[in-house]
Amino acid sequence: MISIAILGFGVVGSGVAEVISENSKDFAKRLGEEIDIKHILDLRSFPDHPLGDRVTSNFDEILSDEDVKIVVETMGGSHPAYDFSKKALLAGKSVVTSNKEVVASFGAELIDTARKNGVGYFFEASVGGGIPIIRPMWQCLASNKIVSVAGILNGTCNYILTKMEKEQTDFSVALRQAQELGYAERDPSADIGGADTNRKISILTSLAFGKHVYPDMIKCEGITDITYDDIAFARKRGCSIKLLGISKKASDGKVYAMTAPYLVPESNSLASVSDVYNGILVVGNMVQDVLFCGRGAGSLPTASAVVADVLDAAENPGKSIGWANEQADFIGSTDDNETVCYVRTGADAEKIRAVFGNTDIDEIGSESVFFTEKMKESELENKLSKLGEKYVKIRVLE
């Protein structure tokens, strides 16, 4: 019997129990023994659930149970999830998590703690939900040097932008629909402001380039300023607008990382990833483009990735996946990143040409729209400030 404990019995935690129950016979055949959910940590009680008698509010009960070899952390938030994870690792228990906030902020430390204690820290579900991405990048693409990672990493934002395009509606209407369907939280700020995507691209950047990249090291922009007019104009130019988390290695050896909305050309495979789906495009120096696509959230898709890690932890308890416990020294300043941008501004054509030169300018209502030439972000910001008007800029994905 392989005894595990689940910390947090919400959407993902209860999904983990369901996946284990549904596929228990197959898991037993693979492992040679059954998986037993011995403890469930939660402040609530679940008297009507088949596992209701396993619920405890005392983490020390789990920590001191020598039968428990794997702890599944699906609590969400940084604390006490980080604290419980570290204590479990120090006690010689492998930890499996779906918690992107903990991995993004404390991943390097917890990976290092796991290695020193001969156990594993597994976090496949922290980025793409049900989409395999951590293990493929670590194992299947191990013979490659990663050139870049670009991902649609938040289903809520992708649903909103898709809805705006398909129904020719504005941001607030699409957001309300997403909330009514349960795709967006009552407070959606972490999604629409880009923080959720930023945590996930920080994890992928750490994995791709070998040292810990904290979310606050990556410039983060959301989608709240995007209008249907922007989407319609982009479509006329053969592009879709997507919120992307991006990191790419440049010729100067620096890695430029960002979370921001982008105009994605139809020729790019990410352009067709719509609704609540996520898509992650990894470019390796040998394999070139590899696209991972699927449902990036939800109870069972995320739980399936968590349980896959449980199986891995059971078979390979000392397995090490991750990066060095060092802060990344390779992240380049966003100011030095070169980009082409779509700009919407209240400035008139004369003022725009006085700053940006002889450029093509269109109109959307009372505003002007144009594309810049490729230039450093610092130069672009300097020029936009000279317009003396509010503006919205959306980078163009190369």
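A: In helix H2, the buried residues are Phe-27, Ala-28 and Leu-31. They span an arc of only 100 degrees around the axis, so they sit on the same side of H2. The spacing follows from helix geometry. An α-helix has 3.6 residues a turn, so residues three or four places apart point the same way. All of this is read from a predicted model.

The other side of H2 has exposed residues: Lys-25, Lys-29 and Arg-30. Against the buried residues pack strand E1 (2-7), helix H1 (11-22), strand E2 (35-41) and H13. After H2 comes Gly-32, with a positive phi near 85 degrees.

Take the H13 partner in detail. H2 (residues 24-31) and H13 (residues 299-315) pack at about 25 degrees, and their axes are 11 Å apart. The angle is under 35 degrees, so H2 counts as roughly parallel to H13. The crossing of H2 with H13 is right-handed. H2 contributes Phe-27, Arg-30 and Leu-31 to the contact, while H13 contributes Val-307, Leu-311, Ala-314 and Glu-315. By class, that is five nonpolar, no polar and two charged residues.

H5 (residues 100-116) and H11 (residues 195-209) have axes that come within 9 Å and cross at roughly 50 degrees. That makes H5 oblique to H11. This crossing is left-handed. From H5, Lys-100, Glu-101, Val-103 and Ala-104 meet Asp-196, Arg-199, Lys-200, Ser-202 and Ile-203 of H11. The class count is three nonpolar, one polar and five charged.

Pro-215 lies in the loop between strand E8 (211-212) and strand E9 (219-220). Its relative accessible area is 18%, under the 20% cut-off, so Pro-215 is buried. Beyond its neighbours within four places in sequence, Pro-215 contacts Ala-104, Asn-198, Arg-199 and Ser-202. Ala-104, Arg-199 and Ser-202 also belong to the H5 and H11 contact. Pro-215 and Thr-259 are 44 residues apart in sequence, with 9.9 Å between their C-alpha atoms.

The buried residues of H14 include Ile-352, Val-355 and Phe-356. The buried residues of H14 fall within an arc of 80 degrees down the axis, so they line one face. Glu-350 and Ala-354 are exposed on the face turned away from that buried side. Cover for the buried residues of H14 includes E16, strand E17 (361-364), strand E18 (367-371), E19 and H15.

H15 (residues 377-385) has Glu-377, Leu-380 and Leu-384 buried. Their arc is within 60 degrees, so the buried residues of H15 line one face too. Among the elements packed against them are strand E11 (255-265), strand E16 (341-345), H14 (349-356) and strand E20 (391-396). The pairing reads from both ends: H15 is part of the cover of H14, and H14 packs against the buried residues of H15.

Notes. Residues are numbered from 1 along each chain as its sequence is written. This is a predicted model: local features need pLDDT of at least 70, side-chain atom pairs count only at pLDDT 80 or more; totals for chains, interfaces and linings use all residues. Side-chain values use heavy atoms; hydrogens and water are left out. Buried means under 20% relative accessible area, exposed over 50%, partly exposed in between (1.4 Å probe, protein chains only). Helices (H or I, at least four residues) and strands (E, at least two) are DSSP runs, numbered from the N terminus. The arc is that of the directions from the helix axis to the C-beta atoms. Contact means heavy atoms within 4.5 Å. Axes are lines fitted to C-alpha atoms, for helices over the stretch in contact, and angles run from 0 to 180 degrees between N-to-C directions. Angles under 35 degrees count as roughly parallel, over 145 as roughly antiparallel, 65 to 115 as roughly perpendicular and the rest as oblique. A crossing is left-handed if the near helix is turned anticlockwise from the far one by less than a right angle, and right-handed if clockwise. Ala, Val, Leu, Ile, Met, Phe, Trp, Tyr, Cys and Pro count as nonpolar, Asp, Glu, Lys and Arg as charged, and the others, Gly among them, as polar.
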